[in-house]
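Here is a short briefing to read alongside the model. Take a moment to look over the fold, and then we can walk through it together.

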Amino acid sequence: MGKPVLLFGYGNLSRGDDALGPLLLEYAETHCDLGAIEILTDFQLQIEHALDLENRRLVLFVDASVASVDAFDFTVLEPARDKSYTTHAMSPAAVLDVYQSIKKQTPPPCFLLSIKAEKFELGEGLSANAEHNLAKACSFAGQLLGNPDVDFWLKQASHA
């Protein structure tokens, strides 16, 4: 059985700012108490990841995003079957929908930390803006992981 909190960062370390999710996980590994936290990383979300939600109290997905207005966005996720359901890479909401379909139960409380990104070229490092955004997101994620309480996370999501 897995740990009660799942921290799932996804992205490609070889594609510039797409590395933001996995890089936040590296931060958590060295700065957070992982006693109750399981870390999982992959290039992209896939249908099989729905099973990783089983028996969790809280789940935090972390990804790079060109849509973020601020350094990062923190939102509550709801299950939703979107177009990604039929593609190779899925959205977090589609993963929650698959979980709900196969387990016949509501997924655990899931959240998305989207870190503002701008460049995704193969072989590139992080852009200067993404490095700045990552530092802010790491500090925020550290607060969340240090207080793995759903009410605290919901309060943070309403203020983000």
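Which residue just after helix 2 takes a positive phi? That residue is Lys104, with a phi of about 55 degrees. This is a predicted model, in which local features need pLDDT of at least 70 and side-chain atom pairs count only at pLDDT 80 or more, while totals for chains, interfaces and linings use all residues. Residues are numbered from 1 along each chain as its sequence is written, and side-chain values use heavy atoms, with hydrogens and water left out.

**Helix 2**

- Helices (H or I, at least four residues) and strands (E, at least two) are DSSP runs, numbered from the N terminus.
- Helix 2 covers residues 92–103, twelve residues in all, and reaches 16 Å from its first C-alpha to its last. That is close to the 16 Å expected at 1.5 Å a residue, where the expected span is 1.5 Å times one less than the number of residues.
- Its buried residues (under 20% relative accessible area, with exposed over 50% and partly exposed in between, using a 1.4 Å probe and protein chains only) include Pro92, Leu96, Asp97 and Tyr99.
- Strand 1, strand 3 and strand 5 are among the elements that cover these buried residues.

**Nonpolar cores**

- A nonpolar core is a set of buried Ala, Val, Leu, Ile, Met, Phe, Trp, Tyr and Cys residues joined through side-chain atoms within 4.5 Å.
- The largest one has 29 residues, and Leu7, Leu60, Phe74 and Trp153 are among those with the most contacts inside it.
- Elements giving two or more residues to this core include strand 1 (5–10), helix 1 (20–31) and helix 3 (128–146). Helix 3 gives the largest share, eight residues.
- Another core, of 17 residues, lies apart from it and includes Leu45, Leu53 and Leu77.
- Leaving aside neighbours within four places in sequence, Leu60 is in contact (heavy atoms within 4.5 Å) with residues including Leu7, Phe74, Leu113 and Trp153.

**Strands 1 and 2**

- Strand 1 and strand 2 (residues 37–42) pair in the parallel sense over six bridges; pairing requires that DSSP finds at least two bridges.
- Leu6 stands opposite Glu38 in strand 2.

**Ser65**

- Why does Ser65 count as buried? Ser65, which lies in strand 3, counts as buried because its relative accessibility is 14%.
- A polar atom of the Ser65 side chain lies 3.0 Å from the backbone nitrogen of Ala67.
- Beyond its neighbours within four places in sequence, Ser65 is in contact with Ser114, Ile115, Lys116 and Ala117.

Conventions:
A polar contact is a pair of N or O atoms within 3.5 Å; within protein, one must be able to donate a hydrogen and the other to accept it, and residues adjacent in sequence count only if both atoms are side-chain atoms.
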